[in-house]
Amino acid sequence: MHPFTFEAHIPRTIFGQGTLKQVGEEVKRLGSRRVLLITQDNERQLALAHKVRDIIGADNVAGICADAVMHTPEEVTTKALAYAKSVNADGVVSLGGGSTVGLAKALAVRTGWPHVAVPTTYAGSEATTVLGETVNGLKTTRSDPKILPNTIVYDVDLTLGMPAFLTFPSGINALAHYVEALYSPALNPIIEGVALSGTTEMYSALIKLKDAPTDVDARAEALGGAFAAGVCLAHVGMGLHHKLCHTLGGSFGLPHAETHTVVLPHAMGYNYSAAKGAMQKIERAIGTSEKAPQAFWDFEKKLGTPTSLKELGLKKEDLAKAADLASKAQYPNPAPLDREKLLTLLENAWEGNPPA
Ligand code: NAD
C-alpha cells in the first residue's frame, strides 16, 4: 500500500487558439483596474505586451515592466515592486516564459494582487504553487497555494513561432516534471495518470514539432502537456533532478530549460535502480526497449538539444562546488544522495557523456 495526502490546487484555466483576446475579461473578472504587464526586454515580448495593452485598454494598464530575468533575483523584484507601486498598479499580467511568470508571482505574493498568466513556453511555472528566488547567488524555493496565478490563459498561437532552440529544451523541462513526479514518494493515482499520459503526449508532440514546427495540433499537445506537467510539479515534491538544476541555475547562472535538458538523463540514471518501477512505466509510456535514461539521451540527440554542461558555460572547477551544494540540502529522492556519486554525475553531464 502507498499512503498519500492529496489536495488539488489548480488555477482557472482557459486553453485554445486566439484566447489572448480574453485576457481583458479575465482582468476585469478579478477586479483589477490598473494592471502591470510583466514581460522581458526583447522585441517579441514587448510587441506582445503592446498587443495586450490594446486588448485590455490603455486606461486599465498601469505600465509595462520588461525586467523579468531567469531565476527571479530579489533585486529585480524589489525594483519592479517599487515601479508597480509608483504607477498605482493593482494587479499583474505576465506575458512570457517561466522568468516572466516568476517575477509576476513574486509581486503577487508580496502584494496580494490578482495575477493573470499568459505563458509562452513549456516551463509550466504558471500551474505551480512554487516560487524560486535568488538571493546572493543562492536559489531557494518556497511553495504556497497563494503563489498560484488566479487565471491562466493559454493561447496556442503564441507558441507557433517558438524556435527549435527554445521548443525542445522547454519541452524537455516539462518532461522532467513528469519524470520526477513519477518517482516522488508523494505520488498519488491522479498525478500518476496525468504524468504517464503526459509523458507519452509531450514526447510524441516534440517528435512531430521537429519536422513541422508550426503544426497547430502538435503545438496544442505540447502546450497542454506543459500545463499538465506544471500541475504534476505542483502536487508532488521534486527530487535530485530539480535540485541539481536549481543549484546550477541559481548559483552558476546556467540557462534553465537547457540545464534541465542536459541533466535529466543523468539524474534518471542516478535514480534508475532505486526507482525501477517508475522507470519501466516511463519506458512503456515512450515506447522504447532501451533503459529510460539512455532513451531520453538518444531522444535529445535526435532533437538536437545541448547535451553537455560544458557547452552551457559551466566551468569544470565549479563542479565540486555544485556537488557540495546539491548534497547539502535534504529532499526526498529515490537513491540516497552521495556527494562523490553526485560529482561523477556532474562530471559526466559536463563532458556530454551518455548517462551511467
Ligand atoms: P524564459 O522565460 O527565460 O524564456 C526564455 C527565452 O525565450 C526568453 O528570451 C524569452 O523572451 C523567450 N521566449 C519566451 N516565449 C517565447 C516564444 N513563444 N517564442 C520565442 N521566444 C520566446 O525561460 P523559461 O525556460 O520559460 O523559464 C525559466 C524560468 O522559469 C527560470 O527562472 C525557472 O526557475 C522558472 N521556472 C519556475 C517554475 C516554478 O514552478 N516555479 C517552473 C519552471 C520554470
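Predicted model: local features only at pLDDT ≥ 70, side-chain atom pairs only at ≥ 80, totals over all residues.
**Entry 1: aromatic pairs**

I searched the whole structure for aromatic pairs and found four. I looked up F15 and Y154, whose rings make a tilted pair with centres 5.7 Å apart and planes at 50°. The two residues are 139 apart in the chain, with F15 in strand β1 (residues 12-16) and Y154 in strand β8 (residues 151-155), so I noted the pair as a link between distant parts of the chain. I then checked accessibility for both partners. F15 counts as partly exposed because its relative accessibility is 38%, a value between the 20% and 50% cut-offs. Y154 has a relative accessible area of 0% and is therefore buried.

I went on to Y203 and F299, which form a stacked pair, 3.9 Å from centre to centre with 20° between the planes. Y203 belongs to helix α6 (residues 189-211) and F299 to helix α11 (residues 292-303), so this pair ties together parts 96 residues apart in sequence. I recorded both Y203 and F299 as buried.

I also looked for rings joined through pairs and found that F15, Y154 and F227 are linked into a cluster.

**Entry 2: polar groups at the ligand**

For R44, the ligand atom is a nitrogen, and the distance to an N or O atom of the side chain is 3.2 Å.

I then looked up how much of the ligand is covered. The ligand alone exposes 860 Å², of which the protein buries 87%.

**Entry 3: the shell around the ligand**

I counted 24 residues around the ligand, and noted H71, S99, T121, T128 and K139 as the closest. By type, the shell consists of nine nonpolar, 12 polar and three charged residues.

Which elements give two or more residues to this shell? I found α2 (43-56), α4 (98-111) and α9 (256-271). Helix α4 supplies the largest share, three residues.

Last, I asked where the ligand lies relative to the domains. Domain 1 (12-159) and domain 2 (164-351) both contribute residues to the shell, so I placed the ligand between them.

Technical notes:
Residues numbered from 1 in each chain as written. Heavy atoms only, no water. Phe/Tyr/Trp six-rings, centres within 6.5 Å; stacked < 30°, edge-to-face > 60°. Helix = DSSP H or I, 4+ residues; strand = E, 2+ residues; numbered from the N terminus. Buried < 20%, exposed > 50% of the residue type's maximum accessible area, 1.4 Å probe, protein only. Near = heavy atom within 4 Å. Polar contact = N/O pair within 3.5 Å; in protein donor to acceptor, adjacent residues only side chain to side chain. Areas by Shrake-Rupley, 256 points an atom, 1.4 Å probe, with all protein chains shown as cover. Nonpolar A, V, L, I, M, F, W, Y, C, P; charged D, E, K, R; others polar. Domains from an automatic or database assignment.
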